[in-house]
Amino acid sequence: MSHAHAHGHLTLQYQPALPIGRGKLCLWLFLSTEIMFFAGLIGTYIVLRFGAPPGTWPAPHDVHLQEYIGAFNTFVLICSSVTIVLALEASKQDRPGLAKFWMGLTFALGSLFLGVKAYEYNEKFKHGIYPARPHSRIYEKADLYYVQAVRQTLAARQNQLNALKGQLSEEGKSLSEEQAQELEACDKLLNHLVKWTELEAARGDDLLARRLAIEQMAWAIYPRYSARPAEAEEEEHQYVASLQAEAGQLAERRRQAEAALAAARRQREAKAKEVEAAPDDQKAALAAELGRLDEQIAALDEEHKRIVGREEMVQFLQKPEVLHGLAHYYEHLRLPIVIPSGNMWASTYFLLTGFHAMHVAVGLIAFVFVLMYRLDRRCAHILENTGLYWHFVDLVWIFLFPLLYLF
């Protein structure tokens, strides 16, 4: 008792509210809703990504995601978190000039992040990797629907150029060199890539061979090589070997077609002589046979031209600049591409990074208003609240970077 009496009575003081300012309280309530929002988005992506069967989710290099660019942007955001902390410390020390310098640097780093993200978005748009209705340029698998989409894309551009050619010819003009080359490319791809694939898929008795013909066309347009150089080199070697094997088969088919065409022409010459020497009452029947031979020769000649055109296409596909894909070589044609789960990936990618970019933009707008103040000790609480929001934005990206760029 005496010991307790020596120290006196304790006086308790009760705080009528939370021991933080109202501004910080509102910010934490806002951030709690944002945490739940992004947790739902990221959780959904994790379920979709790791729930997909093996080999059916696009690898980062398939969708033109560069790991080093994502790592650079991560570094930029981490540096911005450091600079905003330095700005807060300078403000607490009543050094407004230094605080404004660090805040300006934070704003510059945030703007750099958005600039890099805009560059990445442009790469996706340029290669047709984005969600769209009723259908984007991405197809989930190589099938007849994909072949039809490639045909329609090329035919539409071909019709446009032919219409322009007709219009210019009436004015005494002609297509530009680039337009003429584009029209030639459309004709070549339609006849010796798309139509060839359609006929091979329709005529073949082997279901596997028919499917491989379509898959080879899809690979020629948009090859999905491995990210590892050694594996990518091996895949490219196998692809070139398959083209060379096809070239050998085409050469044999061409020789057979030439032999059949020569035999049909000799038969026609003999039949023509027979018609000339035949009596009048037999000429009509022999002329009908001669007509059938003409039709046969025309069909054989067409088949021969088709095989020769395909041989030229196979040689063209083996060029080093074309091995990266026709979609890249003829970028202006905007050809459809095959990426398994590509539309789902594009939807989730732009949803996650788009919302994050919007939050970064909001942070930059807040920085503009903060920079209007004299950032002395009295404004330290403003910097502290702004910094909390910015750290949250950075933390979200720390989760997004490995999920999108590394897995």
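Me: What span should the 30 residues of helix H2 have, and how far apart are its end C-alpha atoms?
Reply: Helix H2, residues 22–51, should span 44 Å at 1.5 Å a residue, and its end C-alpha atoms are 43 Å apart, which agrees. The expected span is 1.5 Å times one less than the number of residues, and helices are DSSP runs (H or I, at least four residues) numbered from the N terminus. This is a predicted model, where local features need pLDDT of at least 70 and side-chain atom pairs count only at pLDDT 80 or more, while totals for chains, interfaces and linings use all residues. Residues are numbered from 1 along each chain as its sequence is written, and side-chain values use heavy atoms, with hydrogens and water left out.

Me: Which residues of H2 are buried?
Reply: Leu-27, Leu-31, Glu-34, Phe-38, Leu-41, Ile-42, Tyr-45 and Arg-49, where buried means under 20% relative accessible area (1.4 Å probe, protein chains only). Their cover includes helix H11 (342–370) and helix H12 (380–406), with contact meaning heavy atoms within 4.5 Å.

Me: Switching topic, is Lys-117 buried or exposed?
Reply: Lys-117, which lies in helix H4 (residues 96–126), is buried, with a relative accessible area of 3%.

Me: And what is Lys-117 in contact with, beyond four places in sequence?
Reply: Leaving aside those neighbours, Lys-117 touches Asn-73, Tyr-349, Thr-353, Trp-397 and Tyr-405.

Me: Last one, where does H6 bend?
Reply: H6 bends by about 35 degrees at Leu-190, the bend being the angle between axes fitted to the seven residues ending there and the seven starting there. Leu-190 is also among the buried residues of H6.

Notes:
Helices (H or I, at least four residues) and strands (E, at least two) are DSSP runs, numbered from the N terminus. Buried means under 20% relative accessible area, exposed over 50%, partly exposed in between (1.4 Å probe, protein chains only).
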